[in-house]
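User: I have a two-chain model open and want to go through it piece by piece. Can you take my questions as they come?
Analyst: Go ahead.
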Amino acid sequence: MTALDRAAVEAFLFREARLLDEGQFDEWLALFTPDCRYWLPIVQEGGDLEPSIIDDDRVRLEERIFRLQETRAYAQEPPSRTQHNISNVEVTEAGAAAVRVLCNLTLFEVRIGDASQLDLGRPQVLAGRCEYLLVAAPETRIALKKVLLLTRDLPLGNLSFII
Amino acid sequence: MPRDPASLVIDRPEDFRVHSDAYTSPEIFELEMRRIFERSWVYVAHESQLASAGDFVTTRIGTQPVIVSRGRDGGIHVLLNRCRHRASIVCRLPEGRSQQFVCPYHSWTYGLDGALLNVAQKEGYGDMDRGPLALQHASAVGTYRGLVFARLSGDGETLDERLRHVRDYVDLWVERSPAARIRVTRAAHRLTYAGNWKFQMENGVDGYHGNYVHSSFIRIADRAGERKASAFAAVRETGGTIGLPRGDGLIERPHGGMAGQFDYAHPGHADYHAALDAAYGPERRQDILAQRNILIFPNLFLFESHLRVIQPVSVSETIVTMLPTILDGVRDEMNAARLRSHERFFGPAGFGTPDDVEMFVNCENGMRARGVEWVRLHRGLHRERSGA
C-alpha cells in the first residue's frame, strides 16, 4: 500500500465531509477504525483529567449516530443542515501504514424550521483546526479525528450535529 | 408598565402559577439583578481556582463584572472589574496569575486587594488621594467547603446563616471525596441559549422531565446494556424534590438512577466504597452516594459530576458553565471515568444537555404567545409534605 499523497488525502476528506452533509451517517461511521478516537478537546494539554467537548471511542461514536438516527433527540428536531468545508490540507507525516494530516474546517450549520422561532433559521459558523490520523487498513480509515474548535472555551450553542 | 413583582405569583394550596412576565420582562430582569443577584450571597468561584496568591478569575455577579483574586495574605477578594478612572474594564482575561491588575487605558495599577497602588504620569492628577480609589469591593466574601460566595452590596446575614438549611447537603456532596476535598478542572463546558436564566434553574430541580426529554439517553443506556428503560421509569417513583428556605432545593434519589449519573455503586469501585467507609462509616456512605441535584439559589447547582453556574446575560440570554469535579483521594482512573461519563451526557455535544436547552428555548418561544399568561408549577402540591 503506497503512502497517501495530498491529493488522495483531500479526496478522502472531501468525501467524509460530503457523507456528513448528505446525512449518510452509517457510511461515515464505516470510515472509522474499531479503535478510533473522535476528539474535540477544550484545553490542549489536559490528559485524561480534563473534560473535552467530545471524546468518543468507537462505542460512543456509534451511540452518537444511534442517537441521531434511531431516537427522539429534540435538539435535532428539526435536524441540522450542514456544510463542511475542508481547506489548508497538509500531510505532515507520511508512511506506508499511516498518514498524519492537518487541515482547517469551516462548518456552516442551520436548523430549518419556523424561522421566527429562536434557534431556528439562524446559521452558525464553526471554525476548527483538524488533525487526522489516517491508516491504510487496507482501505483508508480514520484512527483519529481531532477538531480544535476556535471557540472551544467560549459559550457554545447547540452541537448535537456531527462536526 | 411592569407588573408589580408581588403580582407575578399565585400561591394557593393547590394552585401555583407564575406570570410569564417573570421570564420575559426586561424590567423584571433588571429588578432581579439589583434586588437578588446584587444583594444576595452569590457563588463566584471555587477555591481550587485560586490555589496560589495572585491567582484570579473574572466572572459576573448577575450582570456585574468582577475579579475574584487570592491576595498575598491568603484572603479572597471580590472586586468590581471597573477602573475608578474612566470606567474601563481592568482585567479582560478569564483567569490567570498576577501580582497586580493594570488598567490598559492610562495605566492605573491596582493590587490583588483592589488598592490603587500607582498611576502613570501622576503629576497630572494634582493632589489626588489614591486611598478612596481602590477597585470597589464586594461588601462580603465567604467560603464554605471550597465554594466561594460574595455579596456585592448591602448588609445582611453571614454566609453561615444563609447556608444553614443547605449546608448538610453540601457536606454530602464534598464527601464523595474520601478526603473531603474537591477541585474543579481547568476546562469547562460552556453553553449559551436564547432564553431566561430561570429556565435552567428550574430544570435542574425538575425531576419529571427526564423520561421524556432524555428518552434518547435512556435508549442509549438500554442499548448498551447498562440500564433498562423500565428501570429509569421506576426511578421516577423514588425519592423526590425537596424545597428549602431561601430558594434552595434539590432532587434526591436515594438509590441513584437518574439519566446521566456515573455508577458509583458499581462493584468495580469496591476500593472507593472502602475508602468512604473508612472516612465516614458505611451508613454515611449510603447517604453520600444518593443522587442529588442541589440548587443554591440563585446561580449554583451541585451535581455529582460537576458544579454548574448560571449566568444571566439579559432577560432572554443565559450562559451556563459546567465545571467537572475531580475527587481527592480517588484513583485517577475513577476520576477519568467520571469525566468520560460526564462528557457523555453533559455539555453542548452531550447526549442529554442539548435536549434540555431545546426545552428552554421552546419555553422562551412559547411565552411570546399572548392571551395565556400563567405558567403552572403546581405538580406535586396535593401530596407535598412539610417539615424535616
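User: Is A87(B) buried or exposed?
Analyst: A87(B) counts as exposed, because it has 10 C-beta neighbours inside 10 Å. The rule is that a residue is buried if 20 or more other C-beta atoms lie within 10 Å of its own, exposed if 12 or fewer, and partly exposed in between, with C-beta atoms placed from the backbone. This is a predicted model, in which local features need pLDDT of at least 70 and side-chain atom pairs count only at pLDDT 80 or more, while totals for chains, interfaces and linings use all residues. Residues are numbered from 1 along each chain as its sequence is written, and chains are lettered from A and ligands numbered from 1 in the order in which they are written.

User: What is the phi of A87(B), and where does the residue lie?
Analyst: Phi is near 75°, a positive value in a residue other than glycine. A87(B) lies in the loop between β6 (76–80) and β7 of chain B. Helices (H or I, at least four residues) and strands (E, at least two) are DSSP runs, numbered from the N terminus.

User: What about R246(B), which also has a positive phi?
Analyst: Its phi is about 70°, and R246(B) is not a glycine. R246(B) is in the loop between β15 (240–243) and β16 (249–253) of chain B. R246(B) is partly exposed, with 17 other C-beta atoms within 10 Å.

User: Where are the cis peptide bonds at P78(A) and P298(B)?
Analyst: In chain A, a cis bond joins E77(A) and P78(A), with omega about 0°. P78(A) lies in the loop between α3 (58–70) and β3 (80–94) of chain A. In chain B, the bond from F297(B) to P298(B) is cis, with omega near 5°. P298(B) is in the loop between β17 (291–296) and β18 (300–302) of chain B.

User: Switching topic. How many residues are in the largest nonpolar core?
Analyst: That core has 106 residues, and those with the most contacts inside it are L134(A), V44(B), V68(B), F149(B) and I294(B). A nonpolar core here is a set of buried Ala, Val, Leu, Ile, Met, Phe, Trp, Tyr and Cys residues joined through C-beta atoms within 7 Å. Strand β3 (residues 41–46) of chain B gives the most to this core, five residues. Domain 1 (41–158) and domain 2 (167–372) of chain B both contribute residues, so the core lies between them. The domain bounds come from an automatic or database domain assignment.

User: How far apart are the centres of those two domains?
Analyst: The centres, taken over C-alpha atoms, are separated by 31 Å. The contact takes 11 residues from domain 1 of chain B and 16 residues from domain 2 of chain B. On the domain 1 side, β3(B) gives the largest share, three residues. Two residues are in contact if their C-beta atoms, placed from the backbone, lie within 7 Å.

User: Back to V68(B). What is it in contact with?
Analyst: Leaving aside neighbours within four places in sequence, the contacts of V68(B) include V44(B), F56(B), V57(B), I76(B) and V148(B).

User: Which strands pair with β4(B)?
Analyst: Strand β4 (residues 55–61) of chain B pairs with strand β5 (residues 64–70) in the antiparallel sense over six bridges. Three bridges join β4(B) to strand β7 (residues 95–97), also antiparallel. Strands pair if DSSP finds at least two bridges between them. T58(B) has I67(B) as its bridge partner in β5(B), and V57(B) has E95(B) in β7(B).

User: How many residues are between β4(B) and β5(B)?
Analyst: Two: the strands form a hairpin, and G62(B) in the turn has a positive phi of about 65°. Of the seven residues in β4(B), six are buried.
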